[in-house]
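Please open the structure in your viewer and keep the selection tool at hand.

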Amino acid sequence: MTAPPVQAYRALVKELQFHNHRYHVLDDPLIPDGEYDRKLLQLQTMESTFPTLVDDDSPSHRVGGKPLSEFSQISHSLPMLSLENAFDSKALMDFDRRVAERTNEKEKVDYVCEPKLDGVALSLLYRDGMLERAATRGDGATGEDVTANARTIRSVPLRLQGDSPPNLIEVRGEVYIPHKDFDRLNSLSDKVGDKKFVNPRNAAAGSLRQLDSKITARRPLVMSVYGVGLLESAVKPNTHFETLVYLKQLGFLVNSHVTVATDIFQCENFYKALAEQRASLPYDIDGIVIKVNSLDIQRRLGTVLRSPRWAIARKFPAQEEMTRLLAVEYQVGRTGVITPVGRLEPVFVGGVTVRNATLHNLDEMARLNLCAHDTVIVRRAGDVIPKIVRVVKEYRLPNARVIKFPQYCPVCGSDIEQLPDEAAVRCTGGMSCPAQVKQAINHFVSRKAMNIEGLGVKLVEQLVDRGHVQSFSDLYRLDMDTLCSLERMAKKSSDKLLKSIQASRKTNLTKFIYALGIREVGEGCAQILASRFKSLEDLIEGPLEELVEIGGVGPVVARHIVDFFSESKNITVINELRAIGLKFDHVINEEAMSRPLEGQTWVITGNLDSMSREDAKVALQNLGAKVSSSVSAKTTQLLIGSNAGSKLEKAKLLEVPLMYEKEFAILLMSQQAHPRLNVEK
Ligand code: JCF
């Protein structure tokens with residue numbers, strides 16, 4: 001038998017530890033994953049051939065070991081403290097005053113601010129640089145021994161870095177699961193029919209408390225450290241910030257947002273800045289933690305009950321709250337999309353009072369499986385539209401009635417349809433559906449369409465409900481008597497409105513095409529179509545192939561245009577308008593031509609491949625568009641790159657027209673190809 005290759009083995013362990021740290025702690029891998037896996041396999045082969053070689057810090061231990069029958073209890077040598085909460089800035093100022101009162105008058109107190117991670121606390125004990133024991137917080141005095149599980153967490157060093165590790169160090173931190181890993185975990189568990197996790201925190205807590213560490217090993221846990229308990233070492237840090245630097249040097253992951261503040265106002269500013277970033281951080285946080293920086297002052301301040309006097313958690317408003325579902329109502333949009341909306345007992349969540357939550361569509365309704373009067377968890381994260389996360393089944397009333405998505409349009413009773421590759425359910429009623437008529441009219445009369453002033457939403461509502469208006473042409477048949485019979489309409493305003501309606505008879509082709517409300521045809525697109533076809537007849541006859549080739553139109557929009565004009569109802573509407581004497585000759589407006597996107601508001605989301613977002617922004621601005629950073633009902637168009645996130649979600653909800661990068665590139669090219677559309681400085 002050959003002698004075990006001790007040196008080669010240790011070298012390989014060290015090499016794997018180095019790459020593990022680069023990947024999981026520094027987030028800066030040096031070698032590709034496949035290369036790492038090969039090296040790990042090599043190590044495992046060595047270990048199975050020469051079992052005597054296996055060391056405690058072997059990376060092969062990351063895969064978990066034998067299941068336990070129970071966790072043993074561990075008493076913390078120094079209690080694991082909890083934090084006092086501050087829910088407003090006054091509470092923070094009070095904290096600062098209490099600190100000042102207990103410290104020497106001339107002493108300047110610095111603070112350290114960090115995000116408060118929403119995970120589970122864990123304590124790690126290292127003796128002579130080797131991970132010896134890991135324990136949960138438990139009640140602060142005693143926790144559970146989860147050493148086997150902690151070993152599987154890649155950002156937990158099995159051996160500390162550096163040549164002179166402390167004799168003994170107890171490191172404390174928070175174990176969590178980043179959003180993207182959580183989403184993946186939940187979609188995986190979906191496939192095998194497992195129960196989904198409600199949120200990353202619960203998933204982290206459940207994963208850390210698995211008796212079978214092989215299961216924990218497959219969960220994407222991350223540990224970020226924030227403090228030290230016991231410490232036996234030749235050199236000791238003097239401040240909290242130095243402690244964090246020290247922990248980083250030992251190979252731990254320390255949150256990158258940690259900042260020193262020289263007074264409490266800076267802490268409050270840090271809080272505000274982080275609140276802004278909260279929705280875009282890759283993990284959940286529920287506030288910030290503020291600690292006195294000097295460890296000497298910390299010692300003098302001491303603790304009360306179970307919280308230190310030298311630290312406080314400034315909490316964000318909760319993003320999830322519980323409330324009661326009052327009813328589900330259905331909104332029918334301009335294009336017939338039926339959106340279920342939950343009416344809620346008002347609840348303060350994410351910093352505002354929420355009364356409604358979107359239920360998105362049929363699939364979401366099926367997922368939630370709501371019953372009348374259910375108790376629900378509402379989530380409002382960032383400026384995202386509030387949604388119902390789940391039902392609290394335990395509070396469901398006996399014999400509660402299941403809420404079913406309607407089988408017919410709740411407004412007009414027409415059939416509804418769900419297209420194979422669409423989540424949305426639509427009413428097929430078109431212009432026979434009052435809800436769609438109202439919205440179509442609202443769009444038709446809007447400023448950038450026919451520009452009929454004085455015809456607001458409330459008025460349109462009445463006109464349609466009383467049967468005065470069923471299609472666009474009916475607007476031109478309205479008379480004084482009819483208008484005066486409506487609520488809050490006197491002679492003067494009726495007269496003004498009639499004049500405005502008459503004035504709109506003379507318009508141009510762009511505005512008219514836009515006013516028709518063809519799906520996804522915004523003003524920019526209408527402009528392109530008008531300048532290309534010059535007359536409505538030619539546009540109506542334009543074959544799909546020709547439309548597809550127009551820069552800025554794209555296959556999806558082209559399809560919508562062809563579908564629109566192949567509906568005889570729509571042709572009838574156009575003919576009626578013509579018969580009434582509407583003029584929509586193609587008037588070329590030179591100024592509008594050089595700025596075809598004038599008056600539009602675009603939003604960019606995701607990463608663009610062919611250009612930077614900044615370049616795309618400048619290009620849009622040159623064409624006359626405004627570029628905004630958030631999606632709202634006013635957004636004309638959303639430009640979508642890869643990995644688009646919540647903006648895309650929101651745009652879909654608000655039915656904002658979408659444009660993918662490819663189509664956008666074509667739009668830009670088409671602008672350069674047409675001298676008249678060119679941008680000249
Ligand atoms: O991120 C956290 N959840 C967190 C919790 C951060 C800290 O600095 C903490 C903590 C709990 C107690 N510090 C203490 C003393």
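**First stop: the ligand**

Select Glu114 together with the ligand: an N or O atom in the side chain of Glu114 is 2.5 Å from an oxygen atom of the ligand. This is a polar contact, a pair of N or O atoms within 3.5 Å. The model is predicted, so that local features need pLDDT of at least 70 and side-chain atom pairs count only at pLDDT 80 or more, whereas totals for chains, interfaces and linings use all residues. Residues are numbered from 1 along each chain as its sequence is written, and side-chain values use heavy atoms, with hydrogens and water left out.

Next, select Lys291, where an N or O atom of the side chain is 2.6 Å from an oxygen atom of the ligand. At Leu117, display the backbone, for one of its N or O atoms lies 2.8 Å from a ligand oxygen. On its own the ligand has 370 Å² of accessible area, and the protein covers 91% of this (Shrake-Rupley method, 1.4 Å probe).

Now select the shell around the ligand, whose residues include Leu81, Pro115, Glu174, Tyr226 and Val289; a residue is near the ligand if one of its heavy atoms lies within 4 Å of it. The shell divides into six nonpolar, no polar and four charged residues. In this grouping, Ala, Val, Leu, Ile, Met, Phe, Trp, Tyr, Cys and Pro count as nonpolar, Asp, Glu, Lys and Arg as charged, and the others, Gly among them, as polar.

Which strand supplies the largest share of the shell? It is S3, with four residues. Strands S3 (111–117) and S10 (285–292) each supply at least two. Strands are DSSP runs (E, at least two residues), numbered from the N terminus.

**Second stop: strand S4**

Select residues 120–127, strand S4, in which seven of the eight residues are buried (under 20% relative accessible area; exposed is over 50%, partly exposed in between; 1.4 Å probe, protein chains only).

Leu122 stands opposite Thr136 in S5.

Finally, select Asp128, in the loop between S4 and S5. Most residues other than glycine have a negative phi. Asp128, however, has a positive phi, near 45°. Is Asp128 buried or exposed? At 55% relative accessibility, Asp128 counts as exposed.

Definitions and conventions: A polar contact is a pair of N or O atoms within 3.5 Å; within protein, one must be able to donate a hydrogen and the other to accept it, and residues adjacent in sequence count only if both atoms are side-chain atoms. Two strands pair if DSSP finds at least two bridges between them.
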